Amino acid sequence: MAQNGAAEIENCQVLVIGGGPAGSTVATLLSRRGIRVTLLEREHFPRYHIGESLSISCFRAMEVLGVRDKVESHGFTRKEGSYYAWGEEEWDLPFSHLPGEDNHSWQVIRSEFDQILLDHARSEGVRVHEGVNVSQVHFENGRAVAASWTRRGEENASGRVHFDVVVDASGRNGVLASRQLSSRKFHDVFRNLAVWGYWEGTPELNLGPTGAIAVFSRENGWLWAIPLHDGTLSIGLVTGKDEYKADYDRLGGRQAVYLDAIASCSQLADLTKPGKLVSEVKSETDYSYVADEFSGPGYFLIGDAACFLDPLLSTGVHLATFSGMLAAATISSMLSGELPEQECRDFFQTAYRQAYERLLLLVSVFYESYRGSESHFYQAQALTREDRKGLRLHDAFLNIVAGTEDLVDVTTEGAYQALAAKLRGEDGGSPAPIANHNTFKEKLPESPDLALAGIYLTLQPELGLRRVERARD
Ligand code: FAD
């Protein structure tokens with residue numbers, strides 16, 4: 001019901017809060033199954049967003065959404081891998097080494113990429129309202145049933161929308177976990193901060209595979225360089241919060257810290273010498289966090305609204321679209337009554353948390369593989385005992401790399417050390433294998449042998465969840 005003459009927002013079966021990659025993904029897939037979906041996005045698109053380097057797994061997500069051709073024809077930089085100058089090591093990580101054909105992804109200007117996904121959702125029947133902020137989700141007898149909204153720029157234009165299920169895809173803002181339920185927990189590790197800007201007139205990056213992201217470690221953090229299709233180069237610094245504060249005080253401001261970091265990296269100093277910084281220098285804390293629960297009666301959290309991971313391995317958009325696909329299959333089966341709600345929610349929570357924990361572990365071990373000096377920054381990126389508590393580390397180990405089955409029988413603590421050594425090649429295995437794991441290709445639990453608690457996901461002939469027994473019928 002709308003108040004003060006505001007245009008009504010229709011009640012729906014599924015309300016999606018937020019039109020980033022996570023929200024557009026879940027909305028598109030549900031709408032395609034004939035479910036009435038309304039999506040409320042507080043900004044008017046195109047809107048700026050950080051997160052430009054897409055991992056290889058995003059390619060599959062674009063195919064599932066049916067939007068791959070639109071993304072491909074937009075002209076984004078084709079990304080064929082990554083380049084890491086990491087401590088004393090230098091790695092070219094081409095996607096072509098992975099199984100499958102036409103392995104690539106894109107470096108995207110997020111305002112344009114997110115707009116393509118949101119327009120695609122609209123074209124698939126999702127009722128999208130931009131400039132509408134969700135202020136609160138209302139619960140009745142413990143179940144989410146409605147949400148309050150306000151239309152931005154229209155004074156007092158507000159109302160309430162009712163739904164069967166709400167999906168919180170509101171990103172770091174976190175309408176449910178951060179603002180209402182206070183269930184967001186920050187990790188002790190990865191308490192970092194990023195500063196970045198855009199450059200024009202720089203020579204071609206030319207490091208690693210075509211269109212690669214280049215990452216350069218430094219004593220107190222690391223730098224990224226991402227070639228974008230409008231000819232600009234995105235350059236960013238990730239550093240610890242203590243290191244940033246010390247540099248900020250010493251050098252006299254954010255831009256000074258940023259430029260000093262670039263000057264200290266010989267490759268980036270050379271690249272930027274003929275170029276010009278053409279944007280303000282932006283900054284964001286990128287502390288990693290995770291919500292206690294990813295789902296509850298009548299609600300789901302996806303993408304950054306559920307959890308966030310340090311950007312070292314460019315995993316954010318992958319996790320957003322991955323959890324969007326999982327949530328769509330889960331909600332679809334739940335609403336059609338194919339499986340009981342509790343089982344559906346358990347499946348979603350287990351599958352998404354497992355994917356997140358796997359990458360959390362991988363990022364931490366990747367940091368640990370840095371073999372420079374005994375830098376405080378790198379030591380601070382190792383998962384602490386506290387961080388590891390509650391993680392299903394054995395599952396994560398088993399899923400990261402084939403051949404880690406030998407770790408099953410050791411204790412969690414021992415397994416962590418053993419995996420780290422294995423990935424660093426210190427177990428007598430092939431050297432520097434950690435480099436290979438950067439190009440992770442996350443698998444949806446899409447077949448009976450990948451089932452979680454006897455349930456797996458299907459995309460064909462219909463999106464949904466199935467019990468393993470049914471597959472044998
Ligand atoms: P978002 O993209 O944040 O979308 C959420 C949407 O919800 C927004 O459009 C917002 O306006 C809307 N919203 C918020 N509150 C409300 C509300 N109350 N009502 C209605 N709408 C609302 N990821 C990568 O894959 N590659 C990278 O290279 C990368 N680099 C990064 C670098 C840094 C420094 C940081 C901090 C992150 C980086 N990420 C990267 C992560 C990536 O930005 C996010 O993981 C990704 O955008 C998450 O998508 P999402 O859809 O969950 O959230």
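Modeller: Let's start at Leu313, in the loop between β23 (307-308) and α9. Those labels come from DSSP runs counted from the N terminus: helices are H or I runs of at least four residues, and strands are E runs of at least two. This is a predicted model, so local features need pLDDT of at least 70 and side-chain atom pairs count only at pLDDT 80 or more, while totals for chains, interfaces and linings use all residues. Residues are numbered from 1 along each chain as its sequence is written, and side-chain values use heavy atoms, with hydrogens and water left out.

Back to Leu313, which counts as buried because its relative accessibility is 2%. Buried means under 20% relative accessible area, exposed means over 50%, and partly exposed is in between, using a 1.4 Å probe and protein chains only. Now look for Ser55: Leu313 and Ser55 are 258 residues apart in sequence, yet their C-alpha atoms are 8.0 Å apart in space. A contact here is heavy atoms within 4.5 Å.

Some polar atoms to find by eye: Asp304 has a polar side-chain atom 2.8 Å from an oxygen of the ligand, and Asn133 has one 3.1 Å from a ligand nitrogen. With Ile50, a backbone N or O atom sits 2.8 Å from a ligand oxygen. How much of the ligand does the protein cover? On its own the ligand has 1,000 Å² of accessible area, and the protein covers 96% of that. These areas come from the Shrake-Rupley method with a 1.4 Å probe, and for residues only the protein chains shown count as cover.

Because 11 of its 12 residues are buried, α1 is largely enclosed by the rest of the structure. The cover over its buried residues includes β2 (14-17), β3, α2 (57-65), α4 (110-123), β12 (165-168) and, once again, α9. From first C-alpha to last, α1 reaches 17 Å, close to the 16 Å expected at 1.5 Å a residue. That expected span is 1.5 Å times one less than the number of residues. After α1 comes Gly34, with a positive phi near 85°.

β12 leads us to Ser170, in the loop between β12 and α5 (175-180). Ser170 counts as buried because its relative accessibility is 16%. Its side chain makes a 2.6 Å polar contact with the side chain of Asp168. A polar contact is a pair of N or O atoms within 3.5 Å; within protein, one must be able to donate a hydrogen and the other to accept it, and neighbours in sequence count only if both atoms are side-chain atoms. A polar atom of the Ser170 side chain also lies 3.0 Å from the backbone nitrogen of Val175. Leaving out residues up to four places away in sequence, Ser170 touches Ile17, Val175 and Ala305.

One last stop: Pro46 lies in the loop between β3 and α2, and the peptide bond from Phe45 to Pro46 is cis, with omega near 0°. Zooming out, the protein chain comes to 15 helices and 25 strands, and 59% of its 473 residues count as buried.
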